[in-house]
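Me: I have a protein model to read for class, and I would like to know what stands behind each label. Please set each value against its rule.

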Amino acid sequence: MKNRDESVELLQQYIENDNLRHHCHMVATAMEAYARKLDKFHEETEAWWTAGLLHDLDWEKYPEEHPKKATEEILPGEGYSEAIINAIEAHAPERTGHEPETEIERYLFACDELSGFMNAVSLVRPNGFADMRVKSVTKKLKDSSFAADVPREDIQKGAQLIDTDLNDHIAFLIEAFKQEAQPQ
């Protein structure tokens, strides 16, 4: 399996937009946090992080072919595992016909849109994630004009796919993003 540096290098090769790179890193953080919560072995945790990091690899350069350009051409040629490739394919079932079934697939779907939405919420808060509450996120979810391009139904579906109450899912991700923001 590729190491983190190699995956980050691949991401940088295909994505120049800092906001999209940030989103990919956030989803990687969310996936890693869930892998640890679920007591995954190191190799699995790395796969979950990698799937999160590379899930939008082809979005900037090949938006019409996303995610198939990555899953059918780029990632297989780079030696990424079938589990990572399948998870990335399943995060966009409306484009691929691949519904999230395995655990890694379900969690990637659950973390993608919500991570993006929560980032948008953090940007309008004076302290970002530092003092964010679940209520801050759920209030914005009800405002259809806020981050209007984020499909609320996918956020709901994601929580259902991982059999978690949406508020608990949000609370878990707030903590994961807070931890990531703290200096090591």
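Me: Where is D154 placed, and what makes that stretch a helix?
Reply: D154 sits in helix α9, which covers residues 152-161. Helices are DSSP runs of H or I with at least four residues, strands are runs of E with at least two, and both are numbered from the N terminus. This is a predicted model, in which local features need pLDDT of at least 70 and side-chain atom pairs count only at pLDDT 80 or more, while totals for chains, interfaces and linings use all residues. Residues are numbered from 1 along each chain as its sequence is written, and side-chain values use heavy atoms, with hydrogens and water left out.

Me: Which residues does D154 contact, leaving aside neighbours within four places in sequence?
Reply: They are F109 and E113. Contact means that heavy atoms lie within 4.5 Å. As for N127, 27 residues away along the chain, its C-alpha atom is 27 Å from that of D154.

Me: Why is T29 called buried?
Reply: The relative accessible area of T29 is 10%, so T29 is buried. The cut-offs are under 20% for buried, over 50% for exposed, and partly exposed in between, with a 1.4 Å probe and protein chains only. T29 belongs to helix α2, residues 18-37. Apart from neighbours within four places in sequence, T29 is in contact with W49, A176, F177 and E180.

Me: What makes E32 buried or exposed?
Reply: E32 has a relative accessible area of 13%, and therefore counts as buried. E32 is also in helix α2. Residues up to four places away in sequence aside, E32 touches R4, T45 and W49. Y107 is 75 residues from E32 in sequence, and their C-alpha atoms are 10 Å apart.

Me: Why is A83 called partly exposed?
Reply: A83 has 41% relative accessibility, so the label is partly exposed. A83 is part of helix α5, residues 82-90.

Me: What is the relative accessibility of D39, and what is it called?
Reply: At 65%, D39 is called exposed. D39 is in the loop between α2 and α3.

Me: Which residues does a cis peptide bond join?
Reply: H66 and P67 are joined by a cis peptide bond, with omega about -5 degrees. P67 is in the loop between α3 (42-54) and α4 (68-78).

Me: How do you know how many disulfides there are?
Reply: A disulfide is a pair of cysteine sulfur atoms within 2.5 Å, and by this rule the count is zero. For C24 the nearest cysteine sulfur is that of C111, 13 Å away, and C24 is in no disulfide. C111 is likewise in no disulfide, its nearest cysteine sulfur being that of C24 at 13 Å. A disulfide is a covalent bond between the sulfur atoms of two cysteines.

Me: Why do C24 and C111 count as buried?
Reply: C24 has 0% relative accessibility, so it counts as buried. C111 is also at 0%, and so has the label buried.

Me: How many helices and strands does the protein chain have?
Reply: The protein chain has 10 helices and zero strands.

Me: Why is the protein chain called as compact as a globular protein of its length?
Reply: Its radius of gyration is 15 Å, close to the 16 Å that the globule rule gives for 184 residues, so the protein chain is as compact as a globular protein of that length. The radius is taken over C-alpha atoms, and the globule rule is 2.2 Å times the number of residues to the power 0.38. The C-alpha atoms fill a box of roughly 45 × 35 × 30 Å along the principal axes.

Me: What share of the residues is buried?
Reply: Of the 184 residues in the protein chain, 51% are buried.
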